[in-house]
There are 2 protein chains.
Amino acid sequence: MSVSAPRPEWIAVDWGTSHLRLWRMPRSGVALDRTDSDKGMGRLTRDQFEPVLLDLVQNDLPAEGHLTVICCGMAGSRQGWSEARYLAVPSAPPSIAQATHVQTRSPSLSVHILPGLSQASPADVMRGEETQISGFLSTEPDFDGVLCLPGTHSKWAHVSAGEVVSFRTFMTGELFALLSGQSVLRHSLASSGLDPESFSGAVAHVMSRPEGLAGDLFSLRAESLLSGLDATAARSRLSGLLIGAELAAARSYWLGRDIVIAGESGIASAYQIALAAQGADPRMVDAEEMTLNGLRAAYAQLREHAL
Amino acid sequence: MSVSAPRPEWIAVDWGTSHLRLWRMPRSGVALDRTDSDKGMGRLTRDQFEPVLLDLVQNDLPAEGHLTVICCGMAGSRQGWSEARYLAVPSAPPSIAQATHVQTRSPSLSVHILPGLSQASPADVMRGEETQISGFLSTEPDFDGVLCLPGTHSKWAHVSAGEVVSFRTFMTGELFALLSGQSVLRHSLASSGLDPESFSGAVAHVMSRPEGLAGDLFSLRAESLLSGLDATAARSRLSGLLIGAELAAARSYWLGRDIVIAGESGIASAYQIALAAQGADPRMVDAEEMTLNGLRAAYAQLREHAL
């Protein structure tokens with residue numbers, strides 16, 4: 001970073017299990033820049049969070065006072081940097097007033113970690129997605145419908161009157177990674193690619209008979225052995241079986257509701273295709289922009305609070 | 001092995017993906033001894049099968065002629081020692097006449113690998129279990145019902161009039177291993193133990209709503225975080241969810257039929273508890289004895305054939 005680069009007024013951080021994403025922010029408007037790092041919560045001991053952060057913002061520290069940092073995500077988990085609470089739904093997304101203020105060794109840092117959300121029954125938790133929901137509501141405060149946040153642990157959140165009413169988590173992304181990378185199915189699957197027809201067929205199949213999933217999985221291996229099932233088709237069918245099973249389980253969330261999908265392009269498109277085949281008409285929004293908007297909203301609250 | 005040990009007349013081998021089990025057999029009656037090895041098919045290249053076998057039977061080779069070896073299992077797969085065919089169901093379990101005779105370098109070995117079974121729709125395959133079924137039918141030739149063979153890839157086989165009519169494979173054991181060992185759930189699960197109440201509750205829950213499985217899994221993690229779910233209870237519930245999902249998918253196999261469960265004690269008991277709660281009254285049989293009886297039946301066919 002050159003010495004003439006503009007200094008950020010604050011730092012926005014999405015600190016997840018496997019990745020850390022950091023934006024240098026001006027008072028308002030677009031980020032000055034964005035840093036991606038693989039120093040996710042899962043790779044760090046508690047003592048390592050502050051040095052990792054200091055390393056990333058060393059040129060941004062003010063000579064006097066402190067640099068405000070607002071974090072969301074797994075940095076606030078029990079195994080993370082400093083435990084942030086869960087707010088029980090129904091609840092508006094957490095505000096900065098409910099954040100954990102981290103005890104840092106450096107006096108130049110003022111770090112806030114936003115809470116997650118929890119649900120008593122069925123038991124469920126989120127850390128990070130609540131900030132995406134906050135960001136979404138900052139641009140569409142009157143939204144009434146369901147947000148679908150695909151990923152390692154996909155979330156479906158029913159949002160109404162500015163609150164998260166209820167939500168559910170599905171281990172779809174993690175199951176796909178384990179089955180495609182480490183189970184016997186790995187011998188039959190391409191490492192990338194999506195064949196829309198195979199994908200959609202598998203979604204329709206499992207949604208019409210979701211209780212058959214446990215048997216449908218091994219059929220991919222058997223078809224590969226018996227009739228040389230194409231490896232891209234097999235990968236697409238695995239994706240379709242798992243996403244279809246999720247849609248079947250989440251039906252009460254999306255049926256008859258406005259649906260917004262937030263995610264990376266590839267996986268979000270797969271959900272869009274699957275939902276469209278069910279007669280739903282989901283909108284797509286940019287997941288990263290939602291996160292950043294949620295962190296922006298928290299910073300705006302902090303300034304209001306302080307002023 | 002001491003020089004005075006009785007020499008086997010033939011060798012029975014169950015050569016699976018992860019393990020090899022070998023019995024030194026007299027002409028009739030009980031095995032002289034039994035060897036377990038971790039030199040399963042998955043760890044061997046094609047050239048390594050014969051040396052591994054020779055090493056295990058080096059004291060048993062006759063000065064003239066050859067030692068008969070009858071194998072079942074993954075040694076007959078495409079990635080195995082020598083590919084054995086699949087017989088399409090409906091079919092009686094394979095006989096020795098349908099086995100692959102392996103081209104060995106050593107003239108002292110005569111190795112037969114028994115075929116597997118395949119099913120066109122839904123696509124499915126088995127290698128090894130067909131020999132267990134053959135062994136079971138050798139003692140109960142008039143059995144009409146379903147055999148449940150729990151394991152890494154659990155099988156349900158509908159058997160009638162001496163034939164396997166149809167069968168289905170479920171990846172239950174492999175899913176349990178991946179989820180308990182490598183997913184986010186690993187933080188919440190004990191490494192052993194089964195709490196019958198938690199297990200049965202999860203079976204009943206998922207069977208009443210099998211489409212909810214994808215969401216029920218993450219609830220284990222959430223309950224662990226939110227209310228300190230006991231780690232043995234969590235492990236038992238994961239087992240119950242996966243076995244319950246399998247029972248829901250396999251309902252057309254076991255409902256109203258005689259059920260025989262063949263397996264190792266722990267996992268077979270879990271299936272028995274789960275099925276009993278559904279009003280079924282399964283019998284338990286010894287899986288290893290079934291395998292050995294199947295290999296014995298093949299050897300008897302070979303002698304009949306040769307005589």
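Helices (H or I, at least four residues) and strands (E, at least two) are DSSP runs, numbered from the N terminus, and two strands pair if DSSP finds at least two bridges between them. This is a predicted model, in which local features need pLDDT of at least 70, side-chain atom pairs count only at pLDDT 80 or more, and totals for chains, interfaces and linings use all residues. Residues are numbered from 1 along each chain as its sequence is written, chains are lettered from A and ligands numbered from 1 in the order in which they are written, and side-chain values use heavy atoms, with hydrogens and water left out.

**Stop 1: a sheet in chain A**

Next, show strand 8 (residues 116-119) of chain A, which pairs with strand 5 of chain A in the parallel sense over three bridges. Tyr86(A) is opposite Gly116(A), and Leu87(A) has Leu117(A) as its bridge partner. On the other pairing, strand 8 and strand 9 of chain A run antiparallel, joined by three bridges. Gln119(A) faces Asp124(A) there, and four residues lie between the two strands of this hairpin.

**Stop 2: across to chain B**

Now display both chains. A rotation of 180° with 0.0 Å of shift along its axis superposes chain A on chain B, with an RMSD of 0.0 Å (least squares on the C-alpha atoms of residues with pLDDT of at least 70 in both). That is how a two-fold axis relates copies. The same surface serves both copies, since 100% of the contact residues of chain A recur in chain B. To find the axis, pick Glu211(A), which comes closest to it among the residues of chain A, at 2.8 Å (C-alpha).

In chain B, the side chains of Glu211(B) and Arg209(B) form a salt bridge at 3.7 Å, N to O (a side-chain nitrogen of Lys or Arg within 4 Å of a carboxyl oxygen of Asp or Glu). Glu211(B) counts as partly exposed at 26% relative accessibility, as does Arg209(B) at 35%.

**Stop 3**

The structure holds 32 salt bridges over all chains. Select Asp60(A) and Arg24(A), whose closest N and O atoms are 2.6 Å apart. Asp60(A) is in the loop between helix 1 (49-57) and strand 4 (67-72) of chain A, and Arg24(A) is in strand 2 (residues 20-25) of chain A, 36 residues apart. Both residues are buried.

Then go to Glu50(A) and Arg105(A), a salt bridge at 3.9 Å, N to O. Glu50(A) counts as buried at 5% relative accessibility, whereas Arg105(A) counts as exposed at 60%.

Methods
Contact means heavy atoms within 4.5 Å. Buried means under 20% relative accessible area, exposed over 50%, partly exposed in between (1.4 Å probe, protein chains only).
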